[in-house]
Amino acid sequence: MSANKTPIFLTGATGYIGGSVLERLLKHPSANTFDISVIVRNPEKAKILESKFGVNVVVGNHQELDKLESLAENAHVVFHCADADDEPAAKAILSGLRKRHAKLGDLPILIHTSGTGVLTDDARGEYATETVYSDLNVEQIKSIPPTALHRNVDLAIMEADAQGYVRAHIILPSTIYGIAQGALFDAGVSNPHSIQIPYLIKASLDRKRAGVVGPGKALWPDVHIHDVADLYITLFDSIVSNPDKTGHGWEGFYFGENGEHSWYQISRAIGDALVELGVSSDPEPTPFTVEELVKYFGSEAMGWYSGTNSRCRADRGRSIGWKPRYTTEDMLKSIKPEVIAIQKQQQQGKA
């Protein structure tokens, strides 16, 4: 490793978010000053990343905590773009950063991925909440209960920042949509598809009618995958060029949103697509039964998640120059191509 290059460790390189962030780091104006390392499970993908993209690759998984710790210890900047709920992995990364700080006196930078699922309630689609979170409102962010989704990992990261061995930042994307694009996706290295909306699409294709949790009145924010990836880079650039003006710790929560939708709107857009494709005769969504929630989402509780409220405003990201381009209207327009892509995968036996 060259002494004058910035060592960067990124998790989730083969994923939707991590692949999109890595794509931008490789095309960054300062890319020739980066020394990027990733950890991936698949040896074939590792070879492609090394040979075609010049990335340092360790073959392994996130259960190999010693590898995570070592990779973090050798990085000045960590982009953690993998599982937001994997507490042992997050703690291994923090342990590595603590060792780096103790050894070098370096103050490493962590950009961790959480999600606006931390704001959810148990509405089951019955109502839209009046509560809207701003990431500039520190007391409101602190008031989120420790039992909330993702919160255990977020709190461990806040504790690390408070201890002073890392500058920690947390990006909380909302409903991410859009089919990711770029060389890593073209090469088959990274997954181009989101998770949340495709779950509803797959369920609706199987039941041949759009499904919705309850009446679908609850609200969620949305954000395009390209805008999310831009948020990571906007934050990274701000940390590097203007650290004193870039919030970290409790002032380092950055929501990813550019508009909001009701769950009904998503289900109706799926319904419209199903009618156009000849899968269904009626675009109007019908409520999932409890049995269907278990069948399609793995458990009743996971099914109810698609009827929760999560309302927020990405004020902090915008304050450092993030300019998302895609709107809720774009999200609704993106659903038909996603339905077509998933239907094609199913016909080919891949989904």
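This is a short tour of salt bridges to select in your viewer.

Before you start, note that this is a predicted model, where local features need pLDDT of at least 70, side-chain atom pairs count only at pLDDT 80 or more, and totals for chains, interfaces and linings use all residues. Residues are numbered from 1 along each chain as its sequence is written, and side-chain values use heavy atoms, leaving out hydrogens and water.

A search of the whole structure finds 20 salt bridges (a side-chain nitrogen of Lys or Arg within 4 Å of a carboxyl oxygen of Asp or Glu).

**Stop one.** Select Arg124 and Asp122: they form a salt bridge, with the closest N and O atoms 3.2 Å apart. Arg124 is partly exposed, at 33% relative accessibility (buried is under 20% relative accessible area, exposed over 50%, partly exposed in between, with a 1.4 Å probe and protein chains only).

**Stop two.** Now pick Arg325 and Asp230, a salt bridge whose closest N and O atoms are 3.9 Å apart. This pair links distant parts of the chain, 95 residues apart: Arg325 sits in the loop between α13 (315-319) and α14 (328-333), and Asp230 in helix α9 (residues 225-241). Helices (H or I, at least four residues) and strands (E, at least two) are DSSP runs, numbered from the N terminus. Arg325 is exposed at 54%, while Asp230 is partly exposed at 24%.

**Stop three.** Go on to Arg313 in strand β14 (residues 312-313) and Glu260 in strand β12 (residues 260-262), 53 residues apart. Their salt bridge has its closest N and O atoms 3.9 Å apart. Arg313 is partly exposed at 31%, and Glu260 is partly exposed at 23%.
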